[in-house]
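Subject: the model, and what turned up in it

Hi,

Have it open while you read.

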Amino acid sequence: MKALLLDGIRHFSYVDVPIPSITASDQVLIQIKAASICGSDVHGMDGSTGRRIPPIIMGHEASGIVSAVGPGVRKVAPGDRVTFDSTIYCGECFYCRRGEVNLCDNRRVIGVSCQEYKQDGAFAEYLVVPERIIYPLPEGVDFIHGALTEPVAVAAHALTLARLTPGDTVLIVGTGLIGLLLLQLVRLHTSGTIIAVDIDEKRLALAKTLGADVTLLADKETGSRIKALTHGRGADQAFEVVGSEKTVAAAIEGLRKGGRLTLVGNLSPSINLPLQSVVTRQLDLQGSCAIAGEYPLALELMAAHKINLDPIISKVAPLKEGALWFERLYNREGGLMKVVLEL
Ligand SMILES: [Zn+2]
Ligand SMILES: [Zn+2]
């Protein structure tokens, strides 16, 4: 089969490799139809994150057709249109038994190679995954949109953790892909003011069309502007979808006393935290990692056209052009958002 192999630092080859085979009774062979490029693939391809050690076939956001199944598989059959979780969880550890599959002790992320493991991913014609992480694509969700189920579910997980109440004012810091998906989900759950903050005017314009009431270009006045929009208090809830010191500080500053901050971005491994502001204003800070059960919700919203994916898909290109699109994304060319590779 053909595969887009990361075989060096920022270097790809479009190669022939053997079709992976089913080696356990619960495994499913999927013929990949579409796989989208994640920011973590783009950041990882230069070796800086330690999570894409070459050689590795990346890709953890994908959709396809079931091609063959192991003898124990019951949920899906050859010919079914499917997507799958980006995380292979064991289903048996302490966390899996609590339903916290995103925290699985034996978790392996598809398309990732790090010190602990290497798990080839979906930038290839075929992929084998266990049945428990597979979800059928509903009618009306095509392969291109289906490949974006994973980021929609990532946003849905953050939304679940935030426990919004219907009148909450919400601040979203960062209007990249996940920020814009979160914005749309938040819009479905609150009638309160949604304020989106970013440093990119084009993305803010998009945020406005996707449900933000107010968009702010980040500067020194951002904090006071947010206060002015929220009865002088600050927002009830904030989502941080960048992961840098400045943006976390902006999210903290934009919250009211007793407000909740859900942290999704993690670009910087560590930052300085305005600790006194968090403690003395009794803020509730929490991290949100990956997905734990939000796939059905994500697919339901996509099938009902409650999430608009088209404005955030910048390009659909054939897999063999993958190297070119990775390089363009790496160089931040032309405000590209999501690039989906097709087979
Ligand atoms: Zn991803
Ligand atoms: Zn587990």
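First, a term: I call a residue buried if 20 or more other C-beta atoms lie within 10 Å of its own, exposed if 12 or fewer, and partly exposed in between, with C-beta atoms placed from the backbone. By that count Arg332 is exposed, because it has 9 other C-beta atoms within 10 Å.

Please keep in mind that this is a predicted model: local features need pLDDT of at least 70, side-chain atom pairs count only at pLDDT 80 or more, and totals for chains, interfaces and linings use all residues. Residues are numbered from 1 along each chain as its sequence is written, while chains are lettered from A and ligands numbered from 1 in the order in which they are written. Helices (H or I, at least four residues) and strands (E, at least two) are DSSP runs, numbered from the N terminus.

Most residues other than glycine have a negative phi, and most peptide bonds are trans. Arg10 isn't a glycine either, yet its phi is positive at about 55 degrees. Its loop runs between strand S1 (2–8) and strand S2 (11–16), and Arg10 counts as partly exposed because 14 other C-beta atoms lie within 10 Å. Then there's a cis peptide bond from Pro54 to Pro55, with omega near 0 degrees. Pro55 sits in the loop between helix H1 (39–44) and strand S4 (62–69).

Six strands make an open sheet with parallel pairing, in the order S14-S13-S12-S15-S16-S17 (two strands pair if DSSP finds at least two bridges between them). S14 and strand S17 (284–287) are at the edges with a single partner strand each, so one side of each has no neighbour in the sheet. On average, neighbouring strands are turned by 15 degrees against each other, direction ignored. Helix H6 packs on this sheet, touching S13 and S14, and its direction makes about 170 degrees with that of S14. For such angles, axes are lines fitted to C-alpha atoms, for helices over the stretch in contact, and angles run from 0 to 180 degrees between N-to-C directions. Contact means that the C-beta atoms of two residues, placed from the backbone, lie within 7 Å.

Which residues of H6 (201–209) are buried? They are Arg203, Leu206 and Ala207. Glu201, Lys202 and Thr209 are exposed on the face turned away from the buried side.

In helix H10 (295–303), the buried residues are Tyr295, Ala298, Leu299 and Met302. Their arc is only 95 degrees, which puts them on the same side of H10. Their cover includes strand S11 (134–136), helix H3 (143–146) and helix H4 (149–162).

Ala292 is in the loop between S17 and H10, and counts as buried with 23 C-beta neighbours inside 10 Å. Beyond its neighbours within four places in sequence, Ala292 is in contact with Gly99, Glu100, Val101, Asn102 and His157. The C-alpha atoms of Ala292 and Val154 are separated by 8.7 Å, although the two are 138 residues apart along the chain.

Cheers

Definitions and conventions:
Arc of directions from axis to C-beta.
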